[in-house]
Amino acid sequence: MRRIIVAVVFLFFNVCAQHANHDHHRVNVAVYYESLCPDSIKFFTQQLYPSLQGNLSQYVNLTLLPYGKSKTTQEITDHYDFTCHHGPAECTGNRLQVCALHLIDGGKKTPNLGYNKITTAFINCLMDKVKPNGDQTEFPTKECAQINSVPNLADIENCANDVEGSRYLNDAGILTGALTPPLTSVPTIVFNKQFKQDDNELAQSNFVKALCMYIDGEKPAECLKNSADSARINFALISVVAAVIFYFV
């Protein structure tokens, strides 16, 4: 009995040590999206951001690319013109977001996370609170900066209106253009640098389930809950089918 207790204690502390650092089993998640795209807003605010509020946040290396179906033209060095899917206001929104990604905390990730927590919250706020109004659309930058304690909003807004922001957005466009196969819909979600249409579609309706399929080893509670919910649904369906068969036999 003593040997069993020692073994259990050893296993417990071994598992805790393994999960103290999640770097070795973080999933690379790249999101190709647009700042005013309704489907992008829905995914970001209803799937991606909520999933990052719990333990699951420890399992994600997140790359955000707010470019989507935009087009870039360059007439002179360091001068870029953009045509965005939902009009000029979206170009402004895209530039605001790439500037935030580069300038908040110097573009560094939050310690022990695979993304910057303040930046992600700021972008989520912008997408959640914006009220699209064609070319007159205004982004709630001040409100979202205040809510999320963004210390350098002036720098972000200056960047978005300067050649610096255009360079950042052009870089996002280059990365978007390198996607294989080429981007055809927005948002597009890619796991571990390999696009799979089924996973992309699943992520937009159940990001947690899609992400959990890529987590190696022992999975976090969110994944187990998702599996339990699925199991209950499957059991309920089986029960219904069995009842129908029993009724007609």
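**Helix H4**

I began with the length of helix H4, residues 117-129, in this predicted model.

I then looked up the start of the helix. A side-chain oxygen of Asn116 comes to within 3.0 Å of the backbone nitrogen of Ile118.

Next I asked which residues of H4 are buried. I noted Thr119, Thr120, Ala121, Phe122, Ile123, Asn124, Cys125, Leu126 and Met127. The elements that cover them include two strands, E1 (27-33) and E2 (60-66). Helices H2 (38-51), H3 (88-103), H5 (141-147) and H6 (153-160) are also among the covering elements.

**Salt bridge**

I searched for salt bridges and found 1 in the structure. The side chains of Lys129 and Glu143 form a salt bridge, with 3.6 Å from N to O. The pair links distant parts of the chain, since Lys129 belongs to helix H4 and Glu143 to helix H5, 14 residues apart. Side chains of opposite charge can pair when their charged atoms come close.

I also checked the exposure of both partners. Lys129 has a relative accessible area of 32% and is therefore partly exposed. Glu143, at 40%, is likewise partly exposed.

**Sheet**

I traced an open sheet of 3 strands in the order E2-E1-E5, with mixed pairing. E2 and strand E5 (188-191) stand at the edges; each has a single partner strand, so one side of each lacks a neighbour in the sheet. On average, neighbouring strands of this sheet are turned by 15° against each other, direction ignored.

For the pair E1 and E2, I recorded a parallel run joined by 7 bridges. Tyr33 stands opposite Pro66 in E2. Helix H3 packs on the sheet, where it touches E1 and E2, and its direction makes about 145° with that of E2.

**Arg26**

I then looked up the polar partners of its side chain. The side chain of Arg26 reaches the backbone oxygen of Gln58 at 3.0 Å. A polar atom of the Arg26 side chain also lies 2.7 Å from the backbone oxygen of Asn112.

Leaving aside neighbours within four places in sequence, I listed the contacts of Arg26 as Gln58, Tyr59, Val60, Asn61, Asn112, Leu113 and Gly114.

Conventions: Residues numbered from 1 in each chain as written. Predicted model: local features only at pLDDT ≥ 70, side-chain atom pairs only at ≥ 80, totals over all residues. Heavy atoms only, no water. Helix = DSSP H or I, 4+ residues; strand = E, 2+ residues; numbered from the N terminus. Expected span 1.5 Å × (residues − 1). Buried < 20%, exposed > 50% of the residue type's maximum accessible area, 1.4 Å probe, protein only. Contact = heavy atoms within 4.5 Å. Polar contact = N/O pair within 3.5 Å; in protein donor to acceptor, adjacent residues only side chain to side chain. Salt bridge = Lys/Arg side-chain N within 4 Å of Asp/Glu carboxyl O. Pairing = 2+ DSSP bridges. Axes fitted to C-alpha atoms, helices over the stretch in contact; angles between N-to-C directions.
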